Amino acid sequence: MKVSVLASGSSGNCFYVENEESAVLIDAGISAKQIVERLGMIKKNPEKIKGIFITHEHSDHIKGVDVFARNFNIPVFATKKTAKKCFLCSNQELVHLIKNNEVVDLGEMKVESFSKSHTAIDPVSYNVFNGKKVSIITDLGYSCRNVLENVSDSDFLCLESNHDIRMLDDGPYPFYLKKWIKSDKGHLSNMQAGLCVLEHASSKLKNVVLSHISKTNNTPLLALTTFSGLVKERSDLTPRICVSNREIPTSLLKV
Ligand SMILES: [Zn+2]
Ligand SMILES: [Zn+2]
């Protein structure tokens, strides 16, 4: 399998995972036009995509779903509560309801959902399997048991590293927003992301893409140094670590 983070951050999230035959998107939170452009940047075309899997109803995760799914006739998968809570697609025939922990079979590629803690009606994250396991985990207030279990045997992790606690505390956000971001239903800090991997990942973890980086309360360098600094305490754990970008896709990373 190969993975590219086409976009990640509060301005939009879209993760591309492929094997030889097919591909999936996890979230489509940038415009359909941008998705096509960014797929072009990694030399891929939308026809290969067999499903769009939605994590939750926040606009930075669903903005481009309707147009992109209709334009290329791609099924959209979401839990019943999430699908009810927001507008996903005006062609209802494309919307497929899934349950937590359900595995969707797309030939050799399998996609599994699991619930996580975030302020949304029914937030889930996804694993994509094809021999190896890719886990895409953003928008979570803390690493609940589900998250830890999935991190523990993952080969490739896109993990939220949203904010630096000090930058958030000293930054311009109003008190209520700071309080929510730090809560169990908000977003994961650099430190929380690093500790989650340090304490729970196995040595099979070969790639980490730090994702959903805050523009105001974090920097890519700070996310990277905090994470690397923690993870290097374990000599058996040597993943390649990179940081996602809001504007341009990561290269196509081999799982
Ligand atoms: Zn988000
Ligand atoms: Zn969210």
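This is a predicted model: local features need pLDDT of at least 70, side-chain atom pairs count only at pLDDT 80 or more; totals for chains, interfaces and linings use all residues.
Residues are numbered from 1 along each chain as its sequence is written, and chains are lettered from A and ligands numbered from 1 in the order in which they are written. Local features need pLDDT of at least 70, side-chain atom pairs count only at pLDDT 80 or more, totals for chains, interfaces and linings use all residues, and side-chain values use heavy atoms, with hydrogens and water left out.

**Stop 1: the open sheet**

Select the seven strands that form an open sheet in the order 6-5-4-3-2-1-14, with mixed pairing. Strands (E, at least two residues) and helices (H or I, at least four) are DSSP runs, numbered from the N terminus; two strands pair if DSSP finds at least two bridges between them. Strand 6 (95-98) and strand 14 (253-254) are at the edges with a single partner strand each, so one side of each has no neighbour in the sheet.

Next, select strand 2 (residues 14-18) and strand 3 (residues 23-26), an antiparallel pair with four bridges. Here Y16 stands opposite L25 in strand 3.

**Stop 2: strand 9**

Select strand 9 (residues 124-130): five of its seven residues are buried, so the rest of the structure largely encloses it. Buried means under 20% relative accessible area, exposed over 50%, partly exposed in between (1.4 Å probe, protein chains only). Strand 8 (residues 109-115) pairs with strand 9 in the antiparallel sense over six bridges, and V128 is the bridge partner of V111. Strand 10 (residues 132-137) also pairs antiparallel with strand 9, over five bridges. In the hairpin of strand 9 and strand 10, G131 takes a positive phi near 80°.

**Stop 3: the zinc site**

Select the zinc ion (ligand 2), coordinated by H56 (NE2), H58 (ND1), H118 (NE2) and D139 (OD) at 2.2 to 2.4 Å. Donors are N, O and S atoms within 2.8 Å of the metal (3.2 Å for Na, K and Ca); water is not among the atoms, so sites may look incomplete. D139 bridges this ion and the zinc ion (ligand 1), and the two ions lie 3.6 Å apart. Finally, select H118, which counts as buried at 1% relative accessibility, and D139, buried with a relative accessible area of 1%.
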